[in-house]
Amino acid sequence: GANLREARFNSVSAEYFQTLSIPIVRGRAFSADEVRAQAPVVVVSETAANEFWPGKEPLGQQLSIEGESSPRQVVAVARDTRSRYVWQQDGRFIYLPMDAADNRYLLVHTRTDARATMSVVRSLAASIDPALRTSVRRLDDNLDVQTIPFRALAWVSGALGILALVLASLGLYGVTSFLVARRTHEIGI
């Protein structure tokens, strides 16, 4: 029988891997021509490659995707990422080529001030279509939201550690004070 496996997927542009610094460990990223032509190619994560083709070279393998009439050829293996939750690797993940013009999301990598770049992106979006609803955020802001529980736990752990240190100091002071008070007579003699 057929060995059906599920995988998460994302439709990305040719520059996606470079923009997010996702290393391609084998093969090559999509070319701009493949994206424009919607070529039947696919990039898979390391976990997907190891699970779909254990012990085999994944490059050049055919991958059938539900709802598509013809299979796609694997052109690259990308490093596993954590795109959904920062504490969990994505596992089996497939990247399909998608023209940036058809995408609802635009990722911008900048070496300058992120806030200034965000303002420029908002202005450009408004100049294209004033009715276009845009939400411009930094990726770091998304990460901050996901790490709130961990930071809260670290804060509580730190507070409990300080409380334990204070209690231990008070206990040590009390024991030392008690022992000194018992021997005060001996010290006087």
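1. The secondary structure of the chain consists of six helices and six strands, where helices (H or I, at least four residues) and strands (E, at least two) are DSSP runs numbered from the N terminus. Read from the N terminus, the elements follow the order β-α-β-α-β-α-β-β-β-α-α-α.

2. This is a predicted model, in which local features need pLDDT of at least 70 and side-chain atom pairs count only at pLDDT 80 or more, while totals for chains, interfaces and linings use all residues. Residues are numbered from 1 along each chain as its sequence is written, and side-chain values use heavy atoms, with hydrogens and water left out.

3. Of the 189 residues in the chain, 22% are buried, a term that means under 20% relative accessible area (1.4 Å probe, protein chains only).

4. The structure holds six aromatic pairs; rings of Phe, Tyr and Trp (its six-membered ring) pair if their centres lie within 6.5 Å, and planes under 30 degrees apart count as stacked, over 60 as edge-to-face and the rest as tilted. One of them is the tilted pair of F17 and F30, with 6.2 Å from centre to centre and 55° between the planes. Because F17 lies in helix α1 (residues 16-19) and F30 in the loop between β2 (24-27) and α2 (32-36), this pair ties together parts that are 13 residues apart in sequence. Both F17 and F30 are buried.

5. The rings of F52 and W53 have centres 5.5 Å apart and planes at 90°, so this pair is edge-to-face. F52 counts as buried at 17% relative accessibility, and W53 is buried with a relative accessible area of 10%.

6. One aromatic cluster is formed by Y16, F17, F30, F93 and Y95.

Definitions and conventions:
Buried means under 20% relative accessible area, exposed over 50%, partly exposed in between (1.4 Å probe, protein chains only).
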